[in-house]
Amino acid sequence: MGTKADPLAALSALPGVADSVDSVRKAVDRVYGHRVMRRRSNEITSEAALRGARGSAALAGADWALEEVRRRSDFGGEGEPWTVGAALRLTAEAGQLLSVWRQSPLRTLARLHLVAAGSSAPEGTVGRPRLEGEPVAEPLVELPLPDADEVAGRLDGLAELLLAGTEAPALVTAAVVHGELVALRPFGWGNGLVARAAERIVLIGSGLDPKSICPAEVGHAELGRAAYVAALDGYVSGTPEGMAAWITHCGRAVELGVRESTAVCEALQRGAA
């Protein structure tokens with residue numbers, strides 16, 4: 001019997017993807033080599049989590065100033081407070097789910113949705129893919145919505161790919177996980193938040209960003225919703241050019257996250273001087 005194809009690894013050969021992977025790796029290596037990381041990595045991780053959550057919430061329609069997110073303690077209200085609170089909970093939870101992700105990506109996604117929901121979700125809708133006819137509240141993403149059967153099949157296919165193992169670089173795998181979840185919108189709400197948390201899990205678990213100090217969510221927010229949606233259109237198209245554009249977009253987001261944490265390192269270093 002022949003060796004099974006590795007479709008994720010095949011994406012690495014798309015034009016521009018190898019350059020993006022290399023650029024991301026160099027950027028990550030630089031911030032991990034910063035002298036502040038040797039003494040204060042926990043502080044960098046905490047700050048990256050906060051800034052990442054703010055960025056993910058901004059893309060979901062709650063674009064709050066960082067200091068407002070830092071100051072607030074009540075996220076129980078509907079609308080933007082719920083969105084920011086969900087993003088904060090997801091970011092805090094992501095690093096705790098690595099072992100579960102390796103065994104069952106679908107169970108991890110269910111857990112992420114439960115965490116995002118908090119106590120405000122309609123009973124019976126949490127942690128499961130939507131059923132046919134159930135609405136999806138994802139107003140900032142206007143891509144065509146796959147039906148429930150397609151969602152279930154593609155989620156199973158994604159899980160099988162991940163569990164089979166891949167030689168693909170972490171950036172490629174993270175971008176596909178992120179893109180597929182936003183394209184499918186398997187849950188009734190919170191899909192973008194869950195997708196970006198899953199991207200974070202892949203980047204941590206792959207060993208690219210084990211301390212979770214390179215918040216791609218910051219970069220996605222900085223690049224802006226229009227660029228995010230345009231890149232997602234490329235992913236959904238399934239063309240080589242579109243897939244490459246989405247992966248390189250995600251790579252740029254990671255690099256901007258690196259830049260954010262590098263600035264935090266520099267600020268801490270100046271404060272210690």
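Q: Leaving aside neighbours within four places in sequence, which residues is serine 56 in contact with?
A: This is a predicted model, where local features need pLDDT of at least 70, side-chain atom pairs count only at pLDDT 80 or more, and totals for chains, interfaces and linings use all residues. Residues are numbered from 1 along each chain as its sequence is written, and side-chain values use heavy atoms, with hydrogens and water left out. Contact means heavy atoms within 4.5 Å. Once neighbours within four places in sequence are set aside, the partners of serine 56 are Leu193, Arg196 and Glu217.

Q: Is serine 56 buried or exposed?
A: Buried means under 20% relative accessible area, exposed over 50%, and partly exposed in between (1.4 Å probe, protein chains only). Serine 56 has a relative accessible area of 5%, so it is buried.

Q: Which helix does serine 56 lie in?
A: Helices here are DSSP runs of H or I with at least four residues, strands are runs of E with at least two, and both are numbered from the N terminus. The run that covers residues 37-59 holds serine 56, and it is helix H3.

Q: How many helices and strands does the protein have?
A: Reading from the N terminus, the elements run α-α-α-α-α-α-α-α-α-α-α-α-α. The count is 13 helices and zero strands.
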